[in-house]
Amino acid sequence: MQKIISAIVEDIGKVLLGKEHQVKLALACLLARGHLLIEDLPGMGKTTLAHALGQVLGLSYKRVQFTSDMLPADIIGISIFERESGQFRFHEGPVFSQLLLADEINRSSPKTQSALLEAMEERQVSVDGETRLLPEPFFVIATQNPLQQSGTFALPESQLDRFLMRISLGYPTREAERALFKGVDPRAELAQMTPRINSEGLRKLQGLVHQVKASDSLLDYLERLVQHTRQSAECGVGLSPRGALALLHAARAWALIHNRGHILPEDIQAVLPAVAGHRLQTDGGDGAQLVERMMHQVDIIAA
Amino acid sequence: MTDASGQLRSLLPRESLLWVFAAQFVVLLPHFVHLPSWLIFAWFLAVLWRVEVFRGRRAVPGRAIKLLAVCLAVTGLALTYRRWFALEPMVALLAISFTLKNIELLSRRDAVLSLMLAYFLAATLFVFEQTIPYALYGVLCLVVITAALVALQGSGSARAGRALGLSVKILAQSVPVMLILFVVMPRLGPLWAVPNNSAAASTGISDSMSPGDFSQLSKSDKPALRISFDGSVPPPEQRYWRGLVYTHFDGRRWSEPGVTGNRWFGRRFGNGQSGQDGDDRLPAVGPRYRYQVIQEASHNPWLFALATSDSDTRGVRSTGDDTLVYHMPVGSRLAYDVRSWPRESTPVASRLSPAEQRRHLQLPDSGNPQARAWAEARRREGMDSQAISQALLALYNRSFTYTLKPPALGTDTVDEFLFDTQQGFCEHFANSYVFTMRAAGVPARVVAGYQGGEWVEQQEYLLVRQYDAHAWAEIWLPERGWVRVDPTAAVAPERIRDGLQSAVAEEFMQDALLPLHKIGFVNRLRLQWDMINYRWYQTVVSFDADRQQGLLKRWLGEISPLRIALFLGVPVAVGLLGLLIWLNLSARGPALPPASRVYLRFCQRMARAGLPRRPGEAPGDFARRIECELPALGPMAARITAAYERAAYGDSTDALKQLRRLVRGFWPLRQLAKLGTAPAPRQSVGQ
C-alpha cells in the first residue's frame, strides 16, 4: 500500500516540480474525504496539480472555469426535453465526476458558488425533485485567486469551512524552475501518466485512514491546540468542532501517507496550517502566521 | 513608582466609602458611652459632609476649614479632659482623628489609614472591658474592618456578601497564628501606665460607712469576688472576706483616715507594731488556706481576704490592720493569690502600742449618752471585756430585728438604734457594737467586707456578690489579740450561715425590676453564665507572663531559645511545606501519562546539556535538532524519541519499557564529557 502512495507522490512530483509537501497535503486531503482549496496566483500550477491527481488516481476528471455569469445549472446539470423519447432527460453537469476542478471559484456569483458547495457537503444534488448521488469518490479541487485581484467574490467563512484544506503552491524553487526552463514539459509528462490505483483501491485507502490510531496523549495535544484557538486573544473565532475533527482526519491521512499506524504530533503540525489557516479569523492578518505562532506556544507534552 | 503605591494613591472606589463608615461606626459604638457627646456629633457631621461630597452637592473642604476643624477638635479635647496623659483622652484623640480624616477621605491611602486606626481603636476596647461579650464584639469589629479593607479593592469586591465572606475567610485563616502568638508572644509589661479613670461610679465597699450604705449594696446582685480554693475550704461561718477596717468615728460615719484617694497612705508601721508585721509574724507551719481571689473592678485599692493573710502577687501588700491592698485602685478585674492562717494558729502580740490603743478607742467628744452610760454601767459592774461583749450580744439577741428596711435614725444613731428602733442591718449592729465597746474601754474596730458566697459548678469556685457585703466588728482581748465578733450573728445567725437571702426572705431584692432570683431555673442559668465568665477570665484574660512560662514549661520541658524556636518553627515549616505541596499538586493539572513524564525527564537532561526543547517543538523535530547540534547524542536521542513516539502515540507498552530503560541510561553531560565535547551552551545553529 505504501508503495502505491509513494509512487503516486513521485509521479505527481514529476509534473509539479519541487512541491512534494503540497502534493502530499493534497493527497492527504483526498484520502481524508475532504475538498481542497488552492489559493494562488494564476500560472502557478494549480490546474496541473489537479489534472495530475486525477490522472494518477484514475479518477474521472472534469474542469469548470467559473465566470461571473455562471448559473447553478451550468455546474449541476439541466433537464432537457427530448423529442425522440418525448421525455425530459437530465443532462449531468460537470459536478458528476470523481474529481472536479473548480477553477477560479471566486469569480462566480455567490449563488453559483453555494450550489457547488452544497453538492460538496451533501455529496448529492437534487434536481427537479429528484435526488441524484454524486459518484464515489468525489473530490473537489477549487482554486481561487488572491482576493485583492479584481472581479472576485470572496467566499464567506461558512463556505471556506467546507474545504478541508487550503493550500497555496507558491513559486517554484530555483532548481525546479531551472528544470522547467531546460525543457521538462509537464504536459507531456501528464499525458504519459498511467493510473497507479483504481477507485476501488482509493476507497480502501480512504478506509485505512480511519484505522490510524490517535492516542490519548495526541488527543490531549489536539485539545490544547483547539482550546488555544478558542481562548487566545489573537483569534477572533476559535476552531469549531468540525474544524477540530477536520484537523484530526487530515492528520490521520498524513500519518497514513507516512506509513504510520498512529498519529504523531508532527502530523498535526504538518497539516495544521493547511487545515486551520482558513478557518481562524484574524483581524485583517493572515491566519497562517497565527497558526505558526500557535504551534510555538502550545506545547506538545505538557499544558 | 510601583503599581502598588500607584493603586494606593488612586481614588477611593465610591462603594467602598460606605464600608469605611460602617467600620468606623462599629468601632466607635461601644466608645459612645465614655466619649464626649460633641465628639460623636462631630463624627456624624464629618460623615454627613463626606456623603454630601460623594453625592456631588458640596466641595471637599479646603485647607482653612480643615485647619479650623483641627483647632476646634484639639480645643474641645483640652476643655473636656483638661489632662492629656490618661486613657480616655487618648481614646478620644484616636476617635477625633477618625472624624477629621473623614472630611479628606479621598484616596485609597486615606481609607487604609482610617481603617488601620480603626483596628487600633478596636483594640482599645479591651482596655475598658475584657468580658466575653466585648471579646465577641471585638471579633465583629475585626470582621467589619477587614471587610472594609477588602471592599477597597473595587470592582465588585464591595458587595456585602463577597466582602464579608472574604473577611471571615481571612480571619479564620489567621486563627492558628493568633493562637500561637497568644501562647508564645512574650508578655511585656506596659511601657507606661495610663491612669485609668478613678472617678467611675463604683459599687462595693466604700472608704466610709454610714447607716444605709450596706442596705444599698444589698440591692445589687453583681459579682464582687470569685474565690477558688487550692486544698481545704473554710466552713461557711468562717468565710469573712475582710476588706477594710474603720477605726475613726465622727458621730455618724465610720471611716479610715488616709485611705481616700488613689493611693493607700495609711500604712502605719513602726509604733512598736513593726515586729508583728511582715512575714516573721506568720508561723512557719503552712497556711491553712490557699486560694485565688478574682476581684471585679472596684476602683478602690483594697482587696479582700480571710484574716491574717499574705500574698505573693505583685503589687499586693499587707497593712498593719491585717488587710491587703493593691498598689493602685483596682480598675479592672484583678486576680491575686492569698495564703491565710486562721488567727488561732498565729502567735499573739502581747499588747497594743499606745498609738494603736488610742486609735481603737477613739470616740467623738459627745453624743450617744445612753450607750456610753450603758457601757459605763457594765464596766462598773466589774465585767471584763469579754463579758461586756457577751452582755451586748445578749441584748441584741433578746429584742432586736434584722431587716433591710430599718427606720431612719436621727443624730445619735447609736442611742436611737440601741434603745429605740432596735431594727437594723449589719452596719447598725457593727456601728452600735463597736461604739459601745469603745465606750466601755475595749479597743474595737469595724471591719467591712463580704461574708459568705455561693458555690458554682460543684465547688469549683465561690461566687461572692455585692449583696454579700457585710460589716462586723473586731475587739482586742489582751490574751487573744484581735477577735472577730459579729453582732449580726447574734440576732440573725442564718445570715451568716445561709446568706442574706434566707435571713431577710421577703425583703431580699425587693426593689429589683424583675424578681428573677425567685425562679430557680434563671438562677441556675446565671450561675452557669458566671462560670463561663470565670473560666474565660481564668484561661484568657489572666494569661500573664507567669502562666505563659508555666504552660511552655509543661509543653517543652524547659524554656530555652532553641526549644522555643523549634516550637515555633516546626509548625510553621510544616504548614508552609504543606502549602507548597498543595500548590504544586493543584497547579499541575491532570497527571501526565507515564511516557510523557519519562520523555520530559529526557528533555530536562537535554536542557542541562545545553539544548532545551522549544515549546511546541515536536519530539521528532527535537531529535533532528539534537542530531544537528550535538551529533554525539544524535543516535541515542533518535532511539529515545522513536520509543517515546511509539509509547505515547502508538500506546505500545513495550516501547514504554524500552523508553524507561533508555532514559535511565541517558546522561548527556557524562556522555559529552567522555567524548570530550563541551556542551554547546544554547547555541543556535544558523544553517
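**View 1. Helix α24(B) is the biggest giver to a positive patch.** With 3 residues, α24(B) contributes the most to this patch in the predicted model. Helices here are DSSP runs (H or I, at least four residues) numbered from the N terminus. Arg661(B) sits in helix α24 of chain B.

**View 2. Six names make up the patch.** On the surface, Arg597(B), Arg601(B), Arg639(B), Arg660(B), Arg661(B) and Arg664(B) gather into a patch of positive charge. Two elements of chain B, α21 (594–608) and α24 (653–664), each give two or more residues. Patch members have over 30% relative accessible area (Shrake-Rupley method, 1.4 Å probe) and no salt bridge, with like charges joined within 9 Å. Lys and Arg count as positive, and the charge of Arg is placed at CZ.

**View 3. Here chain B meets chain A.** In this contact (heavy atoms within 4.5 Å), chain B supplies 22 residues and chain A 17 residues. Pro615(B), Gly616(B) and Tyr649(B) lose the most area on the chain B side, together 40% of what that side buries.

View 4. Asp299(A) pairs with Arg613(B), their closest N and O atoms lying 2.8 Å apart. A salt bridge needs a side-chain nitrogen of Lys or Arg within 4 Å of a carboxyl oxygen of Asp or Glu.

**Notes.** Residues are numbered from 1 along each chain as its sequence is written, and chains are lettered from A in the order written. Local features of this predicted model need pLDDT of at least 70, side-chain atom pairs pLDDT 80 or more, while totals for chains, interfaces and linings use all residues, and side-chain values use heavy atoms without hydrogens or water.

Methods: Patch = residues over 30% accessible without salt bridge, like charges linked within 9 Å, V, L, I, M, F, W, Y side chains within 5 Å. Buried area = accessible area lost by both parts, 1.4 Å probe.
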